[in-house]
Amino acid sequence: CHNAVAELTLCMLRPSTIVSGRSLTDTTLKFAESPLHLDGDKKILAEYERYRDLDDDIFAKVLTKYYDDNKFPLPGTPHAPFSNALRIHDMHHVLQGYPTTPLGETCVIAFDGGLSDMNLGKALIAYVAQFQVGLQFDKSLPMWRNQFKPDIVIRAYERGARCTTNFVELGFDWSGHLTRPIEDVRADFGISPEGMLI
């Protein structure tokens, strides 16, 4: 792994359409907006602020709690590159029931791989390299080791493969689902609660 950082980085970037809900080009541009002070969207931020007033069991309310619990800024906040570029990825975390830990990130990519037609095997190898053997793609982030739990990750892949709605496809319309109870959305999508970590 240590001799293939560039190749593994590309393997992590290839599934960006699944991770971010947009093309690799669009994701790159979205991340580039922040240092140029071009990111943020008052309309999206106001929408997420309104979600705070919903009942606790509503998907959008659970999503805002996810941002608050992780101390992430809400989408639409200026200078919040991850919240703005990875909104769809964050919805995957919440729906699938995986935290934003190294194991949770690996489970999300495994679940998405089980659900999609895209082969995410190489991306999964890159995640394992990062979170198990301590390969650092970004030196500003901490080094992780021994975070890979094969049984849990395989269960995540199996959960994704049993899903009945391909919500990872590019352009999936989330608008009708955010204001519904999260358990109803999970049931409609065929997301089993068995294997969730949160």
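1. Asp56 and Lys61 form a salt bridge, with the closest N and O atoms 3.1 Å apart. A salt bridge here is a side-chain nitrogen of Lys or Arg within 4 Å of a carboxyl oxygen of Asp or Glu. Lys61 is buried, at 18%. The cut-offs are under 20% relative accessible area for buried, over 50% for exposed, and partly exposed in between (1.4 Å probe, protein chains only).

2. A word on the basis. This is a predicted model, in which local features need pLDDT of at least 70, side-chain atom pairs count only at pLDDT 80 or more, and totals for chains, interfaces and linings use all residues. Residues are numbered from 1 along each chain as its sequence is written, and side-chain values use heavy atoms, with hydrogens and water left out.

3. The fold. The protein has 11 helices and zero strands. From the N terminus on, the elements run α-α-α-α-α-α-α-α-α-α-α. Helices (H or I, at least four residues) and strands (E, at least two) are DSSP runs, numbered from the N terminus.

4. Burial and surface. Of the 198 residues in the protein, 42% are buried. The protein exposes about 10,300 Å², and carbon and sulfur atoms supply 56% of that area. Accessible areas come from the Shrake-Rupley method with a 1.4 Å probe; for residues, only the protein chains shown count as cover.

5. Contacts along the chain. Take contacts between residues at least 6 apart in sequence: 66% of them join residues at least 24 apart. Contact means heavy atoms within 4.5 Å.

6. The structure holds six. One of them pairs Arg52 with Asp68, the closest N and O atoms being 2.5 Å apart. This pair links distant parts of the chain, 16 residues apart: Arg52 lies in the loop between helix H4 (42–51) and helix H5 (59–69), and Asp68 lies in helix H5. Arg52 is partly exposed at 28% relative accessibility. Asp68 is partly exposed too, at 37%.

7. Another bridge joins Arg180 to Asp188, with the closest N and O atoms 2.5 Å apart. Arg180 counts as partly exposed, at 23% relative accessibility. Asp188 is partly exposed, with a relative accessible area of 44%. Elsewhere, salt bridges that share partners join Glu49, Arg52 and Asp68 into one network.

8. Helix packing. How do H8 and H10 cross, and at what angle? The axes of helix H8 (residues 102–115) and helix H10 (residues 150–161) come within 6 Å and cross at roughly 35°. Axes are lines fitted to C-alpha atoms, for helices over the stretch in contact, with angles from 0 to 180 degrees between N-to-C directions. The H8–H10 crossing is right-handed. That term applies if the near helix is turned clockwise from the far one by less than a right angle; anticlockwise is left-handed.

9. The H8–H10 contact. Residues of H8, including Leu103, Cys107 and Phe111, meet residues of H10, including Ile152, Val153 and Tyr157. By class, the contact has 10 nonpolar, four polar and one charged residues.

10. His177. Where does His177 sit? His177 is in the loop between H10 and helix H11 (182–189). His177 is buried, with a relative accessible area of 18%. Leaving aside neighbours within four places in sequence, His177 is in contact with Phe59, Phe172, Val185 and Phe189.

Terms used
Ala, Val, Leu, Ile, Met, Phe, Trp, Tyr, Cys and Pro count as nonpolar, Asp, Glu, Lys and Arg as charged, and the others, Gly among them, as polar.
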